[in-house]
Amino acid sequence: MTTFDFFVLSGLLFAVGLFGVIVRRNVISLFFSLELLLNSANVLLVGFSKLQGNLFGEVFVFFVLAVAAAEAAVGLAVVVALYRYRKSVNTEDFSILRW
Amino acid sequence: MREIFFYLFAFLSVAFAVISVTHRNVVKGGIALLASFVSLGAVYFTAGAEFIGIVQVIVYGGAIVVLYLFALMTMDLKSFGKEPLKTLSVAVGGAVSLVLLVSVLYAGYKFYGGVVTAGISGAKEIALPLFYRFLLPFEVVSVLLLVATVGAVAVGRREE
C-alpha cells in the first residue's frame, strides 16, 4: 500500500459524501454525508502521517473526532427542535428564512 | 497480508458509504454508515494507526451513529415521505463530486511512490505529541465539548 491508495480512498469517500450533500433532501442523510466528508479528511491525515513518519497527522485526526462529536450533538439538537416545530426533516420544508 | 486487508476494508468502507448515501430508508442508511466507519477503523489498523482505529470505532461507530439512530427513533419515520430524485441535482452532484475526485487524484499523483512506514502508533506513541506539543489545543477541545453539550441541551430543550 502506498500513499496514493490513501488518496484514492479519501477521494472516493469525499466524492460519495459530496454527492449525498447535494442530492439528498433528508437532514439526517445530510448529516451522514457530512460525517463521510470529515472521515475522508481523516483518512488522508493518517496517510500523510504514515508517509512523513511523525504523528502530528494522527493527533489532528483526534481533534477532528472531537469536533465531529460536538457537531453531531449540536446538529442533532437543532434537527430535533426543527422536527418538533415543523413535523418534518425535509430541507425543502425549512424555507422560512428564504426571501 | 496487510495490503490484502487494506484493500478489502477500503473497498468495504466505500461500498457501505455508497449504500448509506443512496438508500431511501434512513435507518438502513445509518446502519450502512456504521459498517462504513467500522471498516475505516480496520483500514487505520492495517496502516498501523492503532489508537486512531480504536477511537474511530468507539467514537464514530459507538457514539455518533448511535446518537443519530437514537434521534431517529424519536421521530415518526412514516412522516418522512418520499424524496423525489431530481435529475438536475443528481447531474450537478455527480459532476461536482467527479471533478473533486479527479482533482484529489491529480494532487495525489506526485505521492505515487510514497511508501507507508511500518511503525505502529498506539496510545503511548500518540500521547507524547498530544500532551507536550498540542496540550493547549487539547484543553481547548475539552472546553469545546463542554460548550457543545450545554448548547445541545439548551437548543433541544422543550420550551414551557
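## Chain A: burial and fold

In this predicted model, 57% of the 99 residues in chain A are buried. The chain holds 3 helices and 0 strands. Read along the sequence, the pattern is α-α-α. The radius of gyration of chain A is 17 Å, well over the 13 Å that the globule rule gives for 99 residues, so the chain is more spread out than a compact globule. The C-alpha trace of chain A spans about 50 × 25 × 20 Å along its principal axes.

Contacts tell how the chain comes back on itself. Take those in chain A between residues at least 6 apart in sequence: 43% of them join residues at least 24 apart.

## Lys87 of chain A

Lys87(A) sits in the segment after helix H3 (56–86) of chain A. Its phi is near 60 degrees, a positive value in a residue other than glycine. Is Lys87(A) buried or exposed? Lys87(A) has 11 other C-beta atoms within 10 Å. A residue counts as exposed at 12 or fewer, so Lys87(A) is exposed.

## Chain B: overall build

Chain B has 6 helices and 0 strands. From the N terminus on, its elements run α-α-α-α-α-α. The radius of gyration of chain B is 20 Å, well over the 15 Å that the globule rule gives for 160 residues, so this chain is also more spread out than a compact globule. Its C-alpha trace spans about 50 × 40 × 25 Å along the principal axes.

Of the 160 residues of chain B, 31% count as buried. Among contacts in chain B with a separation of 6 or more, 60% are between residues 24 or more positions apart.

## Two domains in chain B

Chain B is divided into domain 1 (2–78 + 85–121) and domain 2 (122–160). Taken over C-alpha atoms, the centres of domain 1 and domain 2 of chain B are 23 Å apart. How many residues of each are in contact? In chain B, 4 residues of domain 1 are in contact with 4 residues of domain 2. The domain 1 side has 2 nonpolar, 1 polar and 1 charged residues.

Ile4(B) is in helix H1 (residues 2–22) of chain B. Ile4(B) counts as exposed, with 10 C-beta neighbours inside 10 Å. The C-alpha atoms of Ile4(B) and Thr46(B) are separated by 9.3 Å, though the two residues are 42 apart along the chain.

Helix H2 (residues 26–46) of chain B has 21 residues. From its first C-alpha to its last it reaches 30 Å, close to the 30 Å expected at 1.5 Å a residue. H2(B) is mostly covered, with 17 of its 21 residues buried. Gly48(B) follows H2(B) and has a positive phi, near 95 degrees.

Ile58(B) is in helix H3 (residues 50–73) of chain B. Ile58(B) has 12 other C-beta atoms within 10 Å. The limit for exposed is 12 or fewer, so Ile58(B) is exposed. The C-alpha atoms of Ile58(B) and Val38(B) are separated by 9.0 Å, and the two residues are 20 apart along the chain.

## H4 of chain B: two sides

Helix H4 (residues 87–108) of chain B has 22 residues. Its reach from first C-alpha to last is 31 Å, close to the 32 Å expected at 1.5 Å a residue. Gly93(B), Ser97(B), Leu101(B) and Gly108(B) are buried in H4(B). They cover an arc of only 65 degrees around the axis, which puts them on the same side of H4(B).

What do the buried residues of H4(B) pack against? Their partner is helix H1 (3–23) of chain A. The other side of H4(B) carries exposed residues, including Leu88(B), Val99(B), Val102(B) and Tyr106(B).

## Where the chains meet

The interface involves 70 residues of chain B in contact with 62 residues of chain A. On the chain B side, H1, H2, H3, H4, helix H5 (123–132) and helix H6 (135–156) each supply at least two residues. Which helix gives the most to this side? H4(B) does, with 13 residues. By class, the side of chain B that touches chain A has 47 nonpolar, 19 polar and 4 charged residues.

Methods
Residues are numbered from 1 along each chain as its sequence is written. Chains are lettered from A and ligands numbered from 1 in the order in which they are written. This is a predicted model: local features need pLDDT of at least 70, side-chain atom pairs count only at pLDDT 80 or more; totals for chains, interfaces and linings use all residues. Helices (H or I, at least four residues) and strands (E, at least two) are DSSP runs, numbered from the N terminus. A residue is buried if 20 or more other C-beta atoms lie within 10 Å of its own, exposed if 12 or fewer, and partly exposed in between; C-beta atoms are placed from the backbone. The expected span of a helix is 1.5 Å times one less than its number of residues. The radius of gyration is taken over C-alpha atoms; the globule rule is 2.2 Å times the number of residues to the power 0.38. Two residues are in contact if their C-beta atoms, placed from the backbone, lie within 7 Å. Domain bounds come from an automatic or database domain assignment. Ala, Val, Leu, Ile, Met, Phe, Trp, Tyr, Cys and Pro count as nonpolar, Asp, Glu, Lys and Arg as charged, and the others, Gly among them, as polar. The arc is that of the directions from the helix axis to the C-beta atoms.
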